[in-house]
Amino acid sequence: MVQWIRTRRPVRASRAALIVVASLLPSAAQAQNIQAMPRVRSGETMIAQLIGDAHAASVTFRGLVAAIDATNGIVYVESGQCRHRARACLVHSIQVAGPHRILRVIVNTRRDREGLTGAIGHELQHAMEVLSEPGITTSQGMFFRLFGMSMGITGQLESKEAVEVGIQIENEMRTTTRAGVRITPPTIRVPR
Ligand SMILES: [Zn+2]
């Protein structure tokens with residue numbers, strides 16, 4: 001969050017200080033949220049903070065994370081590029097590690113934070129579609145589950161639930177931002 005400030009053109013010192021302080025204040029609470037929901041994780045600070053923000057701001061996102069927490073799944077969210085220029089994707093591979101089933105979500109972070117959060121929520125819904133079936137432990141099983149959930153009209157593995165959840169979360173994030181609940185940068189820029 002602070003890194004983002006550094007990448008911008010200099011602003012008046014007092015305003016910059018205000019933004020930095022305002023941005024730092026929710027971080028402690030976010031850190032607690034992140035610790036409280038270890039089954040949805042990111043090794044990247046920006047995404048981990050975004051997950052913490054979404055957990056605080058979106059009731060739908062919170063419900064989704066609670067549902068995943070009730071499974072034996074762990075979902076890692078990482079920045080990157082998906083095939084076919086998709087804005088986000090659930091990697092069609094499942095890894096079994098001891099009692100855990102591990103999934104990966106990839107998101108293109110070059111977009112506004114509300115849209116990005118909606119995209120993460122969309123993919124977490126797909127993750128939940130897999131994790132809600134305890135017997136799915138192979139990539140093949142994962143494929144058939146997602147195929148079974150699919151709307152079947154676009155030729156892609158897409159579910160009505162994931163589309164709706166993504167839109168709902170994005171709307172809830174935008175409502176929170178408009179209400180001025182917290183000061184957030186308009187666009188997230190990830191140094192590459
Ligand atoms: Zn989808």
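Visitor: Happy to be here! In what order do the elements of the protein run from the N terminus on?

Guide: Welcome! This is a predicted model, and the protein has seven helices and five strands in it. Read from the N terminus on, the elements run α-α-β-α-α-β-β-β-β-α-α-α.

Visitor: What share of the contacts with a separation of 6 or more comes from residues 24 or more positions apart?

Guide: As background, the protein has 192 residues, of which 34% count as buried. Among contacts with a separation of 6 or more, the share from residues 24 or more positions apart is 69%.

Visitor: Let's look at a helix. Which residues of α4 are buried, and which are exposed on the other side?

Guide: Helix α4 covers residues 59-69. Its buried residues are Thr 60, Phe 61, Leu 64, Val 65 and Ile 68. Viewed down the axis of α4, these fall within an arc of 135°, so they line one face of the helix. The exposed residues on the other side are Val 59, Gly 63 and Ala 66.

Visitor: Which elements do the buried residues of α4 pack against?

Guide: The buried residues in question are Thr 60, Phe 61, Leu 64, Val 65 and Ile 68. They pack against strands and helices: β1 (40-41), β2 (73-79), α3 (45-57), α5 (113-131) and α7.

Visitor: How does α4 pack with α7: roughly parallel or oblique?

Guide: Helix α7 spans residues 160-178, and the axes of α4 and α7 are 8 Å apart. The angle between the two helices is about 130°. That makes the arrangement of α4 to α7 oblique.

Visitor: Which residues meet there, and how do they divide into nonpolar, polar and charged?

Guide: On the α4 side we find Val 59, Thr 60, Phe 61 and Leu 64. Their partners in α7 are Val 165, Gln 168, Ile 169 and Glu 172. The residues of this contact divide into five nonpolar, two polar and one charged.

Visitor: What about Leu 157: which residues does Leu 157 touch?

Guide: Leu 157 is found in the loop between α6 (139-149) and α7. With 21 other C-beta atoms within 10 Å, Leu 157 is buried. Its C-alpha atom is separated by 6.1 Å from that of Leu 146, eleven residues apart along the chain. Not counting residues up to four places away, Leu 157 touches Leu 146, Phe 147 and Ser 150.

Visitor: How far apart in space are Arg 110 and Arg 87, C-alpha to C-alpha?

Guide: Arg 110 lies in the loop between β5 (100-107) and α5. Arg 110 has 14 other C-beta atoms within 10 Å and is partly exposed. In sequence Arg 110 and Arg 87 are 23 residues apart, and C-alpha to C-alpha they are separated in space by 8.9 Å.

Visitor: Last one! In the loop between β2 and β3, what are the phi values of His 84 and Arg 85?

Guide: Both residues are placed in the loop between β2 and β3 (88-90). His 84 is exposed, with 6 other C-beta atoms within 10 Å, and Arg 85 is exposed with 7. Neither is a glycine, although each has a positive phi. The value is about 60° for His 84, and for Arg 85 about 55°.

Methods
Residues are numbered from 1 along each chain as its sequence is written. This is a predicted model: local features need pLDDT of at least 70, side-chain atom pairs count only at pLDDT 80 or more; totals for chains, interfaces and linings use all residues. Axes are lines fitted to C-alpha atoms, for helices over the stretch in contact, and angles run from 0 to 180 degrees between N-to-C directions. Helices (H or I, at least four residues) and strands (E, at least two) are DSSP runs, numbered from the N terminus. Angles under 35 degrees count as roughly parallel, over 145 as roughly antiparallel, 65 to 115 as roughly perpendicular and the rest as oblique. Two residues are in contact if their C-beta atoms, placed from the backbone, lie within 7 Å. Ala, Val, Leu, Ile, Met, Phe, Trp, Tyr, Cys and Pro count as nonpolar, Asp, Glu, Lys and Arg as charged, and the others, Gly among them, as polar. A residue is buried if 20 or more other C-beta atoms lie within 10 Å of its own, exposed if 12 or fewer, and partly exposed in between; C-beta atoms are placed from the backbone. The arc is that of the directions from the helix axis to the C-beta atoms.
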